[in-house]
Amino acid sequence: MEKADACVESLLKNLSALVKGSRIDLVGGKLPQGETTAPKHIKSDDLLEVVAGQISSDSQQLYQIISDFQSKTVLGEFEKVNAKTLERQEELDKAGAEISADVHALRQQLQSLLHDLEAHYYQTACPVEPSKQS
(Lines give C-alpha, C1' and ligand atoms only; values in the text may rest on other atoms or scores of the structure.)
Protein backbone atom coordinates (compact mmCIF):
# COMPACT_ATOMS: atom_id res chain seq x y z
CA MET A 1 0.00 0.00 0.00
CA GLU A 2 2.94 2.31 0.67
CA LYS A 3 4.08 1.77 -2.89
CA ALA A 4 0.67 2.86 -4.19
CA ASP A 5 0.73 5.93 -1.95
CA ALA A 6 4.20 6.82 -3.22
CA CYS A 7 3.07 6.45 -6.85
CA VAL A 8 0.00 8.63 -6.32
CA GLU A 9 2.05 11.24 -4.48
CA SER A 10 4.65 11.28 -7.26
CA LEU A 11 1.90 11.54 -9.88
CA LEU A 12 0.38 14.53 -8.11
CA LYS A 13 3.73 16.30 -7.71
CA ASN A 14 4.65 15.72 -11.34
CA LEU A 15 1.23 16.80 -12.59
CA SER A 16 1.52 19.94 -10.50
CA ALA A 17 5.00 20.61 -11.90
CA LEU A 18 3.75 19.99 -15.43
CA VAL A 19 0.84 22.38 -15.01
CA LYS A 20 2.99 25.05 -13.39
CA GLY A 21 5.75 24.63 -15.98
CA SER A 22 3.47 24.76 -18.97
CA ARG A 23 1.38 27.65 -17.69
CA ILE A 24 1.20 30.58 -20.07
CA ASP A 25 0.88 33.79 -18.16
CA LEU A 26 0.55 35.99 -21.20
CA VAL A 27 -3.00 37.05 -21.89
CA GLY A 28 -3.45 38.11 -25.50
CA GLY A 29 0.32 38.44 -25.91
CA LYS A 30 0.61 40.75 -22.91
CA LEU A 31 1.56 40.24 -19.29
CA PRO A 32 -1.27 40.19 -16.74
CA GLN A 33 -2.13 43.56 -15.17
CA GLY A 34 0.35 44.75 -12.58
CA GLU A 35 3.20 42.53 -13.86
CA THR A 36 6.22 44.02 -15.59
CA THR A 37 8.30 40.88 -16.23
CA ALA A 38 7.58 37.30 -17.19
CA PRO A 39 7.52 34.80 -14.31
CA LYS A 40 10.88 33.20 -13.58
CA HIS A 41 9.52 29.79 -12.53
CA ILE A 42 8.63 28.67 -16.08
CA LYS A 43 10.53 25.47 -16.76
CA SER A 44 12.28 24.52 -19.97
CA ASP A 45 10.65 22.13 -22.45
CA ASP A 46 13.30 19.48 -21.72
CA LEU A 47 12.40 19.43 -18.05
CA LEU A 48 8.70 19.21 -18.91
CA GLU A 49 9.42 16.16 -21.06
CA VAL A 50 11.19 14.52 -18.12
CA VAL A 51 8.24 15.32 -15.86
CA ALA A 52 5.81 13.91 -18.46
CA GLY A 53 7.95 10.77 -18.72
CA GLN A 54 7.89 10.39 -14.95
CA ILE A 55 4.08 10.76 -14.97
CA SER A 56 3.88 8.00 -17.54
CA SER A 57 6.20 5.77 -15.50
CA ASP A 58 4.24 6.41 -12.28
CA SER A 59 0.98 5.66 -14.09
CA GLN A 60 2.35 2.32 -15.29
CA GLN A 61 3.56 1.43 -11.79
CA LEU A 62 0.17 2.34 -10.32
CA TYR A 63 -1.58 0.24 -12.97
CA GLN A 64 0.69 -2.71 -12.10
CA ILE A 65 -0.10 -2.31 -8.39
CA ILE A 66 -3.83 -2.27 -9.15
CA SER A 67 -3.45 -5.38 -11.33
CA ASP A 68 -1.61 -7.14 -8.48
CA PHE A 69 -4.40 -6.20 -6.05
CA GLN A 70 -7.01 -7.55 -8.46
CA SER A 71 -5.08 -10.80 -8.90
CA LYS A 72 -4.75 -11.23 -5.14
CA THR A 73 -8.46 -10.56 -4.73
CA VAL A 74 -9.36 -13.16 -7.35
CA LEU A 75 -7.00 -15.71 -5.79
CA GLY A 76 -8.32 -14.93 -2.31
CA GLU A 77 -11.88 -15.46 -3.50
CA PHE A 78 -10.84 -18.69 -5.21
CA GLU A 79 -9.37 -19.99 -1.95
CA LYS A 80 -12.59 -19.11 -0.09
CA VAL A 81 -14.75 -20.75 -2.74
CA ASN A 82 -12.48 -23.80 -2.82
CA ALA A 83 -12.61 -24.12 0.99
CA LYS A 84 -16.41 -23.83 0.97
CA THR A 85 -16.59 -26.41 -1.82
CA LEU A 86 -14.46 -28.87 0.15
CA GLU A 87 -16.53 -28.25 3.28
CA ARG A 88 -19.76 -28.80 1.34
CA GLN A 89 -18.30 -31.97 -0.22
CA GLU A 90 -17.53 -33.35 3.25
CA GLU A 91 -21.09 -32.58 4.37
CA LEU A 92 -22.49 -34.32 1.30
CA ASP A 93 -20.24 -37.34 1.85
CA LYS A 94 -21.48 -37.63 5.46
CA ALA A 95 -25.09 -37.27 4.33
CA GLY A 96 -24.50 -39.89 1.62
CA ALA A 97 -23.05 -42.32 4.16
CA GLU A 98 -26.03 -41.77 6.49
CA ILE A 99 -28.47 -42.29 3.62
CA SER A 100 -26.68 -45.47 2.54
CA ALA A 101 -26.88 -46.79 6.09
CA ASP A 102 -30.59 -45.92 6.26
CA VAL A 103 -31.25 -47.61 2.90
CA HIS A 104 -29.38 -50.73 4.05
CA ALA A 105 -31.45 -50.86 7.27
CA LEU A 106 -34.67 -50.42 5.26
CA ARG A 107 -33.60 -53.19 2.88
CA GLN A 108 -33.10 -55.57 5.81
CA GLN A 109 -36.47 -54.62 7.27
CA LEU A 110 -38.13 -55.19 3.88
CA GLN A 111 -36.50 -58.59 3.56
CA SER A 112 -37.71 -59.54 7.03
CA LEU A 113 -41.23 -58.28 6.31
CA LEU A 114 -41.35 -60.08 2.95
CA HIS A 115 -40.20 -63.27 4.62
CA ASP A 116 -42.94 -62.95 7.26
CA LEU A 117 -45.52 -62.13 4.56
CA GLU A 118 -44.46 -65.13 2.50
CA ALA A 119 -44.67 -67.40 5.56
CA HIS A 120 -48.12 -66.07 6.41
CA TYR A 121 -49.29 -66.51 2.80
CA TYR A 122 -48.21 -70.16 2.68
CA GLN A 123 -49.81 -70.82 6.04
CA THR A 124 -53.15 -69.37 4.96
CA ALA A 125 -53.15 -70.57 1.34
CA CYS A 126 -52.11 -74.15 2.00
CA PRO A 127 -53.21 -75.00 5.51
CA VAL A 128 -51.89 -78.23 6.84
CA GLU A 129 -54.53 -80.43 8.35
CA PRO A 130 -53.79 -81.59 11.87
CA SER A 131 -54.47 -85.24 11.05
CA LYS A 132 -52.01 -85.28 8.17
CA GLN A 133 -49.19 -83.80 10.23
CA SER A 134 -48.41 -87.02 12.04
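Let's start at L15, which is partly exposed, with a relative accessible area of 40%; here buried means under 20% relative accessible area, exposed over 50%, and partly exposed in between, with a 1.4 Å probe and protein chains only. This is a predicted model, so local features need pLDDT of at least 70 and side-chain atom pairs count only at pLDDT 80 or more, while totals for chains, interfaces and linings use all residues. Residues are numbered from 1 along each chain as its sequence is written, and side-chain values use heavy atoms, leaving out hydrogens and water.

L15 is found in helix 1 (residues 2-22). The protein has two helices and zero strands, with helices (H or I, at least four residues) and strands (E, at least two) taken as DSSP runs and numbered from the N terminus. Buried residues make up 10% of the 134 residues.

Now look at helix 2, where I65 lies (residues 45-125). I65 counts as buried, at 9% relative accessibility. Not counting residues up to four places away in sequence, I65 touches K3, A4 and C7; contact means heavy atoms within 4.5 Å. Across the protein, 74% of the contacts between residues at least 6 apart in sequence join residues at least 24 apart.

D58 also lies in helix 2. Leaving aside neighbours within four places in sequence, D58 is in contact with C7, S10, L11 and N14. The side chains of D58 and S10 are joined by a polar contact of 2.4 Å, a term for a pair of N or O atoms within 3.5 Å in which, within protein, one must be able to donate a hydrogen and the other to accept it, with residues adjacent in sequence counting only if both atoms are side-chain atoms. D58 is buried yet has no salt bridge, and the nearest side chain of opposite charge, K13, is 9.9 Å away. Lys and Arg count as positive and Asp and Glu as negative, with His and the chain ends not counted.

So where does K13 find a partner? The side chains of K13 and E9 meet in a salt bridge (3.3 Å, N to O), meaning a side-chain nitrogen of Lys or Arg within 4 Å of a carboxyl oxygen of Asp or Glu. E9 and K13 are separated by about one helical turn because they are four residues apart in helix 1. K13 is exposed, with a relative accessible area of 56%.
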